[in-house]
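Q: Could you take me through this model feature by feature, giving the general idea before the particular case?

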Amino acid sequence: MGEKPYRKDFSKAVRGPFVQGSTWRHSPYPNRFRLAVAASRLASPFDFLYPRFGRTGRRLAAILRLAPKNIVSRPVLPPISPAGAVKARVALLGGCVQQVLRPGINEAAIRLLARLGVEVVPAKGEGCCGALLHHLGKDAGALAQVRHNVDLWSAEIERHGLDAILITASGCGTMIKDYGFLLRNDPAYAAKAARVSALAKDVTEFLGALDLPEPLNPQDATLAYHSACSMQHGQQIDALPKQLLTQAGFKVRDIPEGHLCCGSAGTYNILEPEIALRLRDRKIANILATASDLIATGNIGCMARSRAELRSRCSTRSNFSTLHMEG
């Protein structure tokens, strides 16, 4: 029933593969998403035409604005042995959109954790956390993805044990921490899902509990910290990331109106592009007001939302570089 209005203002041929596909059909599947991004390059030269076709045309234009120009193909990171004695054993969510757009985030997290003596276990076969479908009200599909991941992580817990399930994208972390609630009435999964939720931690939570060494190369840079909505409101994590960044040597500045959304909000930037653009522009103005060298965020959606626009508004790279567990 929710799809009928879309059929009034654009052809099925365009609506199907681009508008529906790029949001909830392709994004949860990295290979499909990679192909969708590649296909967007063919449609991008005509993005000025799409808004003429009504609401769905505007949504298609919004998708093309967000699509990156290039995706760098990266080899699979080989397992990295922890330095010294193993202090903890954790699983790390690979993610769906993140592993296509910014694979360096998890790679950097794995390198850092290995230096700290933490063994990182890849959960082979894991899927999307379920957040995209859940946000769109497609609960049956979302819960199927949730059960799939619960089964995988439960098997790893039973096999060798896990001290935590780490997530580097705050939107995914908020979802996984809710697995226990979402499956609370499922007798076959309630206990397993609750155990997974109890082990789920944002990577900053896990790092904050470790005895971290002094930084070898303290960064002499001023950094604006953007706390994603899913981080500060969903997971109630606000001060800890800033403390860790300060500990690493950065001069951390809060962004004015830091409680406001960047305009991404999962698929909101596609489904409500006009409102999302206004939120984005307000966020960017606040970021630029900090006059910082770097911007740190804990969510790939927030990063993608503002990165291209910041590039166009700033004259030097130092003014729009983005830090997200990289380097």
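Q: Is Lys-177 buried, exposed or partly exposed?
A: Buried means under 20% relative accessible area, exposed over 50%, and partly exposed in between, with a 1.4 Å probe and protein chains only. Lys-177 has a relative accessible area of 24% and is therefore partly exposed.

Q: What should I know about the model before reading further?
A: This is a predicted model, in which local features need pLDDT of at least 70 and side-chain atom pairs count only at pLDDT 80 or more, whereas totals for chains, interfaces and linings use all residues. Residues are numbered from 1 along each chain as its sequence is written, and side-chain values use heavy atoms, with hydrogens and water left out.

Q: With which residue does Glu-205 form a salt bridge?
A: Side chains of opposite charge can pair when their charged atoms come close. A salt bridge is counted where a side-chain nitrogen of Lys or Arg is within 4 Å of a carboxyl oxygen of Asp or Glu. Glu-205 pairs with Lys-177, with 2.7 Å between the closest N and O atoms. Glu-205 lies in helix 11 (residues 203–208) and Lys-177 in the loop between helix 8 (170–176) and helix 9 (179–182), so that the pair links distant parts of the chain, 28 residues apart.

Q: Which residue pairs with Asp-151 in a salt bridge?
A: The partner of Asp-151 is Lys-192, and their closest N and O atoms are 3.0 Å apart. Because Asp-151 belongs to helix 7 (residues 139–159) and Lys-192 to helix 10, this pair ties together parts 41 residues apart in sequence. Glu-158 likewise forms a salt bridge, with Arg-195; Glu-158 counts as exposed at 57% relative accessibility, while Arg-195 counts as partly exposed at 31%.

Q: Why is helix 5 described as largely enclosed by the rest of the structure?
A: Helix 5 is largely enclosed because 9 of its 12 residues are buried, among them Ile-105, Ile-110 and Leu-113. Just after helix 5, Gly-117 takes a positive phi of about 85 degrees.

Notes. Helices (H or I, at least four residues) and strands (E, at least two) are DSSP runs, numbered from the N terminus.
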